[in-house]
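Me: I want to learn to read a model feature by feature. Can we take one together?

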Amino acid sequence: MDSSAVSKEDLIIIEKQLERVVSNVLNIEKRCIYGYPQVIKSFPLKDGKPFPTLYWLTCPYLVEEVSKLEAQQKITEIEKIIQNNPELKRKMIRVHKEEIEKRMKLLEEKINSLPENMIKKLKETGIGGIEDFSRIKCLHLHYASYLVGENNPAGEIVDRYISRKYCDDKRCKKWVGSGAKG
């Protein structure tokens, strides 16, 4: 993992990558080979509401590649692979529990000031807020988890499907410097 602080320029790039304003970025967990944000770590609360996604894939190229996999029904395929392999199933449950533990550590005392339903959501849901740890909600979230070094079997399978792990056009470079262009 190559975690780093978020500069103003990084934040501009992340917002362009995601095509929206972000307010709960803690740091950049992984950068691409060109040095641009690839995976961010998010605070578990956003605008006063639970945000149960710790790792977020921001790289437009990888987001596009993973979206293609989802369009090809790979979520169902990967769920079956994991369900039919007891070791992968155990790893999948463990990675959800580890994410909950990390979420709770980030929240510290703030957790006690939240309403009970929010506490329950943050303490009992896995990656992306999923309740059933045998299911996959989104391949992007699992791939982000895997890219930062988590032992995420769904993310590892996604990684095998993606042959080229970076764009060849340095597409995030267009957002460097001016801040408003893109």
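Me: How do the residues lining the largest cavity divide into nonpolar, polar and charged?

Reply: One caution to begin with: this is a predicted model. The lining of the largest cavity divides into 10 nonpolar, 1 polar and 2 charged residues.

Me: How many cavities does a search of the whole structure find, and what volume has the largest?

Reply: The search finds 3 cavities of 30 Å³ or more. The largest has a volume of about 70 Å³.

Me: Which residues lie nearest the centre of the largest cavity?

Reply: Its lining has 13 residues. Cys32, Tyr34, Cys59, Cys167 and Cys172 lie nearest the centre.

Me: Several cysteines are named there. How many disulfides are counted?

Reply: Start with the cut-off: a disulfide needs two cysteine sulfur atoms within 2.5 Å. By that rule the count is 0.

Me: Are Cys59 and Cys167 buried or exposed?

Reply: Apply the cut-off: buried means under 20% relative accessible area. Cys59 has 7% relative accessibility, so it counts as buried. Cys167, also at 7%, counts as buried too.

Me: Now helices. Why can residues spaced along an α-helix point the same way?

Reply: An α-helix has 3.6 residues a turn, so residues three or four places apart point the same way. Now take the case here. In helix H5, residues 116–124, the buried residues are Met118, Ile119 and Leu122. Viewed down the axis of H5, they fall within an arc of 100°, so they line one face of the helix.

Me: What does the face of H5 turned away from the buried side carry?

Reply: That face carries the exposed residues Glu116 and Asn117.

Me: What do the buried residues of H5 pack against?

Reply: They pack against strand E3 (45–46), strand E4 (49–50) and helix H4 (86–107).

Definitions and conventions:
Residues are numbered from 1 along each chain as its sequence is written. This is a predicted model: local features need pLDDT of at least 70, side-chain atom pairs count only at pLDDT 80 or more; totals for chains, interfaces and linings use all residues. Side-chain values use heavy atoms; hydrogens and water are left out. Buried means under 20% relative accessible area, exposed over 50%, partly exposed in between (1.4 Å probe, protein chains only). On a 1 Å grid over the protein atoms alone, a cavity is a set of points where a 1.4 Å probe fits but cannot get out, and a pocket is an open set with protein on both sides within 12 Å along at least five of seven lines; lining residues have an atom within 4 Å of a point. Grid points are joined across faces, edges and corners, and a volume is the space filled by probe spheres set on the points. Ala, Val, Leu, Ile, Met, Phe, Trp, Tyr, Cys and Pro count as nonpolar, Asp, Glu, Lys and Arg as charged, and the others, Gly among them, as polar. Helices (H or I, at least four residues) and strands (E, at least two) are DSSP runs, numbered from the N terminus. The arc is that of the directions from the helix axis to the C-beta atoms. Contact means heavy atoms within 4.5 Å.
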